[in-house]
Amino acid sequence: MPLRITPRRLVTATATVLLAAGAPAAYATLGDEPAAAARGTMYVETRLLFGTERPDGGPDVTDKTFMGFIDRHVTRSFPDGLTVQNGRGQWRDTNGTIERERSYELTLLYPASQAKARDPQIERIRDAYERTYAQESVARLDDPIRADF
């Protein structure tokens, strides 16, 4: 039996072809930056990762000790706010040993226009923790982001 092309079948076939042809373009557009990401102001998000075990054999850094460090060395430079999260981490020390320990992640958020002025403040925080708790390093990650409050 031959296939009859009715107006309804023609419309359905045409719509299917147009949708199929347009779908890759639509999905490609969806992969672009979302409209909501255009809102907000440019900021820098700095995350610092602090280990809690002391290689010099001293006592591990406790929550109370760490929050005291935050009060003494961080809050003064970043009074508008910060976030502290507990974590578990691992890293290779200078002797090549894989170390696993409880850790803290400190997140600082500040306008991108202040990045140059904030850099030495952040480095003082890292240096103070390394000296105070005999740490080999405090990891630092910086990311440009948009934020809207």
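Ile145 is located in strand 4, which spans residues 139-147; helices (H or I, at least four residues) and strands (E, at least two) are DSSP runs numbered from the N terminus. The structure is a predicted model, in which local features need pLDDT of at least 70 and side-chain atom pairs count only at pLDDT 80 or more, while totals for chains, interfaces and linings use all residues. Residues are numbered from 1 along each chain as its sequence is written, and side-chain values use heavy atoms, with hydrogens and water left out.

With a relative accessibility of 25%, Ile145 counts as partly exposed; buried means under 20% relative accessible area, exposed over 50%, and partly exposed in between (1.4 Å probe, protein chains only). Leaving aside residues up to four places away in sequence, Ile145 touches Thr41, Met42, Tyr43, Glu45 and Leu109, a contact being heavy atoms within 4.5 Å. The C-alpha atoms of Ile145 and Tyr110 are 10.0 Å apart, and the two residues are separated by 35 residues in sequence.

The protein contains three helices and four strands, arranged from the N terminus as α-β-α-β-β-α-β. Of its 149 residues, 23% are buried. Among contacts between residues at least 6 apart in sequence, 71% join residues at least 24 apart. The protein exposes about 10,400 Å², of which carbon and sulfur atoms supply 56%; accessible areas come from the Shrake-Rupley method with a 1.4 Å probe, and for residues only the protein chains shown count as cover.

Strand 3 pairs with strand 1 (residues 41-51) in the antiparallel sense over nine bridges, where pairing requires that DSSP finds at least two bridges between two strands. In this pairing, Leu49 stands opposite Glu105 of strand 3. Strand 3 also pairs with strand 2 in the antiparallel sense, over 10 bridges, and Glu101 in strand 3 is the bridge partner of Gly89. The hairpin of strand 2 and strand 3 has five residues between the strands, and Gly96 takes a positive phi near 90° there.

Asp93 is placed in the loop between strand 2 (83-92) and strand 3 (98-111). Asp93 is buried yet has no salt bridge, the nearest side chain of opposite charge being that of Arg92, 7.4 Å away. Lys and Arg count as positive and Asp and Glu as negative, whereas His and the chain ends are not counted; a salt bridge is a side-chain nitrogen of Lys or Arg within 4 Å of a carboxyl oxygen of Asp or Glu. A polar atom of the Asp93 side chain lies 2.9 Å from the backbone nitrogen of Thr97. Apart from residues up to four places away in sequence, Asp93 touches Glu99 and Glu136.

Eight salt bridges are present in the structure. One of them joins Asp143 and Arg47, with the closest N and O atoms 3.9 Å apart. Asp143 lies in strand 4 and Arg47 in strand 1, so this pair ties together parts that are 96 residues apart in sequence. Asp143 is partly exposed at 32% relative accessible area, as is Arg47 at 25%.

A salt bridge also links Arg140 and Asp119 (2.8 Å, N to O). Because Arg140 lies in strand 4 and Asp119 in helix 3 (residues 115-132), the pair ties together parts 21 residues apart in sequence. Arg140 forms a salt bridge with Asp142 as well, the closest N and O atoms being 2.8 Å apart. Salt bridges that share partners join Asp119, Glu123, Arg126, Arg140 and Asp142 into one network.

Note on methods: Polar contact = N/O pair within 3.5 Å; in protein donor to acceptor, adjacent residues only side chain to side chain.
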